[in-house]
Amino acid sequence: FHMSAKYFSVFFKRYFAQGFAAYLTALRLERAKQLLAETDAGLDVIAQAAGLSSANYLICLLYTSDAAD
């Protein structure tokens, strides 16, 4: 089953009302928040476990998500 990147983008946005990257980032942020609440792991470990590139990026996401809430 082959789907072009452009078609996937349009298809995904139509059914999820947001782009794939935004959706994936939101999922990763929710996982990171869960890990922060449930573990004593450091930010580097949590960021990596959630699929984020760095602890700094996790911190940026946390600040922007708190501003949006």
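This report describes the fold, the helices and selected residues of the protein shown above.

## Overall form

The structure is a predicted model. The protein contains four helices and zero strands, and along the sequence the elements follow the pattern α-α-α-α. The C-alpha trace spans about 40 × 30 × 20 Å along its principal axes. The radius of gyration is 14 Å, whereas a compact globule of 69 residues would have a value near 11 Å.

Of the 69 residues, 19% count as buried. The accessible surface of the protein comes to about 5,200 Å², and carbon and sulfur atoms account for 59% of that surface. Contacts along the chain may also be considered by sequence separation. Among contacts between residues at least 6 apart in sequence, 29% join residues at least 24 apart.

Helix 1 comprises residues 5-16. Tyr7 has its place in this helix. Together with Phe11, Tyr15 and Phe16, Tyr7 forms a nonpolar patch on the surface. The four residues of this patch have about 440 Å² of accessible area together. Tyr7 has a relative accessibility of 45%, so it counts as partly exposed, because this class lies between the cut-offs of 20% and 50%.

Ala17 is found in the loop between helix 1 and helix 2. The phi angle of Ala17 is near 60°, which is a positive value in a residue other than glycine. Ala17 has a relative accessibility of 71% and therefore counts as exposed.

## Helix 2 and its salt bridge

Helix 2 comprises residues 20-38. How many salt bridges does the structure hold? The structure holds one, and the side chains of Glu30 and Lys33 meet in a salt bridge with an N to O distance of 3.9 Å. Both residues lie in helix 2, three residues apart, which is about one turn of the helix. Lys33 is partly exposed, with a relative accessible area of 25%.

Ala22 is also found in helix 2. Ala22 is partly exposed, at a relative accessible area of 41%. Ala22 and Tyr63 are 41 residues apart in sequence, and their C-alpha atoms are 16 Å apart in space.

## Helix 3 and its two sides

Helix 3 comprises residues 43-50, and Ile46, Ala47 and Ala50 are buried in this helix. Why do the buried residues line one face of the helix? Seen down the axis of helix 3, they fall within an arc of 100°, so they line one face. The face turned away from this buried side carries the exposed residues Asp44, Gln48 and Ala49.

Ile46 and Asp44 illustrate the two sides. Ile46 is buried, with a relative accessible area of 1%. Leaving aside neighbours within four places in sequence, Ile46 is in contact with Ala32, Leu35, Leu36, Thr39, Ala41 and Leu58. Asp44, in contrast, is exposed, with a relative accessible area of 58%.

Just after helix 3, Gly51 takes a positive phi of about 90°.

## Helix 4

Helix 4 comprises residues 55-68, and Ser65 lies within it. Is Ser65 buried or exposed? Ser65 is buried, with a relative accessible area of 12%, because the class of buried residues covers values under 20%. Leaving aside neighbours within four places in sequence, Ser65 is in contact with Leu29 and Lys33.

## Distances between selected residues

The table below lists pairs of residues with their C-alpha separations.

| Pair | Separation in sequence | C-alpha distance |
|---|---|---|
| Asp44 and Asn56 | 12 residues | 8.5 Å |
| Ile46 and Arg31 | 15 residues | 8.8 Å |
| Ala22 and Tyr63 | 41 residues | 16 Å |

Notes. Residues are numbered from 1 along each chain as its sequence is written. This is a predicted model: local features need pLDDT of at least 70, side-chain atom pairs count only at pLDDT 80 or more; totals for chains, interfaces and linings use all residues. Side-chain values use heavy atoms; hydrogens and water are left out. Patches are made of residues with over 30% relative accessible area and no salt bridge: like charges are joined within 9 Å, nonpolar side chains (Val, Leu, Ile, Met, Phe, Trp, Tyr) within 5 Å. Accessible areas come from the Shrake-Rupley method with a 1.4 Å probe; for residues, only the protein chains shown count as cover. Buried means under 20% relative accessible area, exposed over 50%, partly exposed in between (1.4 Å probe, protein chains only). The radius of gyration is taken over C-alpha atoms; the globule rule is 2.2 Å times the number of residues to the power 0.38. Contact means heavy atoms within 4.5 Å. The arc is that of the directions from the helix axis to the C-beta atoms.
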